[in-house]
Amino acid sequence: MKRTSRILAAFLLVAIVGTSCFFIGRSTMQNKIDSKGPIFDLYEEIGTLLNQSYYKEVDTDKVADGALHGMVEALGDPYTQYMNSEELAEYNAASEESYEGIGVQVSKDEQGYPVIIRVFANTPAEQTGLQVNDRILSIDGQAIDPEQELTVISNRIRGKKGTEVTLVVQRNDQKKEFKAERSEIAIQYVESKMLNKEIGYIALSEFSLNCIEEFQTALQDLQDKGAQALILDLRSNPGGYVDSAVAIADMLLPSGKIVYTKDKNGNEQTYTSDAACVDLPMAVLINENSASASEILVGALQDHEAATVVGMKSYGKGVIQRILPISNGGGLRVTIATYYTPNGRNIHGVGITPDVEIQLPQEVLDDPTLLTEETDTQLQKAVEVMQQTLHPQPTPTASPQSTPAR
């Protein structure tokens, strides 16, 4: 019994010390985690109690994995997480340009439940009737755990093409069940079109690795079609790669600062744009689900007064993460710095306030299938702003008062 307890404690110690050395370095915390120190004694005590009292055999691998997760979760940062090798593979798969699934993009609400923020066109999700704002309550009969990581939940929806997944969602005050057969989903992150003869429109759903070239192609195509103004739609864009956001900002901004980051030691890294840029008046659409890399781009455009921001206040994620490899094949996704807009704004937990604040009609919020160009009040306002920019109305002048006859 004592030997088993020591093995269990050793598993825990290796897990904790191994990650601590990599993440924190040889610091005060490292000194506290010592094979002859109180923490090891405590783990050995817990291991003994578990082996004596727990009603099943203790899975030491599972306990060690849980210790790693728990240590990182104890930081209280929702964006910093430990991933074992399987979770890391799932996380990396979520960043690919195509995958096997049903074609939805999800985000977490305030209670931790996944909410559909985008249904990709011509996918099983669209065909089966799933909608934006559907709150997912269960997947294949298993209730959602609000504490579970979003990547884990997303990968439960994904799966081998040809297999079926059942989702129970809450839509307004009703619960609805949907069954969809998974298929190969090719993700198109950039969509563009001319709204009229003068105004081009680009919707960017995520800052993927390949979106830079797609965005550049779409932008050039709109200019070739005669676009004199641009509306950039970043609504419900959850972010993505900082480098992609910076590259797109460089296309749209003249020479100057795009964003800068600052770590806990005060070290700064600044990203800048060169003088070459697209010389078009712009409006940018955002909402409460526009986050992270989206806010980097919007913040830069707003601070440089290069675009009019239209919509609702953004999410407010002003910190940046990096994936650090771990010797066991897993990874540590860790928040490494805070970012600031060119004017020094830290928007973390605050968000970006639009220049023109406008909400979608309540009936559209209740039923997203009613959203069209005509019912999209945010888009229509952006079009109005661009038309006023392209065709400013002369300011009326007061007529001189006539002198009364005497």
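The structure is a predicted model, in which local features need pLDDT of at least 70, side-chain atom pairs count only at pLDDT 80 or more, and totals for chains, interfaces and linings use all residues. Residues are numbered from 1 along each chain as its sequence is written, and side-chain values use heavy atoms, with hydrogens and water left out.

**The whole chain**

- The protein chain holds twelve helices and 19 strands; helices (H or I, at least four residues) and strands (E, at least two) are DSSP runs, numbered from the N terminus.
- Of its 406 residues, 45% count as buried (under 20% relative accessible area, with exposed over 50% and partly exposed in between, using a 1.4 Å probe and protein chains only).
- Among contacts (heavy atoms within 4.5 Å) between residues at least 6 apart in sequence, 65% join residues at least 24 apart.

**Helix α9 and its two partners**

- Two packed helices are described by the angle between their axes and the distance between the axes.
- Helix α9 (residues 242-252) packs against helix α10 (residues 293-303) at an angle of about 25°, with the axes 9 Å apart; axes are lines fitted to C-alpha atoms, for helices over the stretch in contact, and angles run from 0 to 180 degrees between N-to-C directions.
- That angle makes α9 roughly parallel to α10 (angles under 35 degrees count as roughly parallel, over 145 as roughly antiparallel, 65 to 115 as roughly perpendicular and the rest as oblique).
- The contact is made by V242, A245, I248, A249 and L252 of α9 with A293, I296, L297 and L301 of α10.
- Helix α8 (residues 211-224) also packs with α9 at an angle of about 25°, with axes 9 Å apart, and α8 and α9 are therefore roughly parallel to each other.
- Here C211, I212, F215, Q216 and L219 of α8 meet D243, S244, A247, I248, M251 and L252 of α9.
- Eight of the eleven residues of α9 are buried, so the helix is mostly covered; the buried ones are V242, S244, A245, V246, I248, A249, M251 and L252.

**The buried arginine R156**

- R156 lies in helix α7 (residues 150-157).
- R156 is buried but has no salt bridge (a side-chain nitrogen of Lys or Arg within 4 Å of a carboxyl oxygen of Asp or Glu).
- The nearest side chain of opposite charge to R156 is D140, 7.0 Å away; Lys and Arg count as positive and Asp and Glu as negative, while His and the chain ends are not counted.
- Apart from neighbours within four places in sequence, R156 is in contact with I139, Q142, A143, I144, Q148, V165 and R182.
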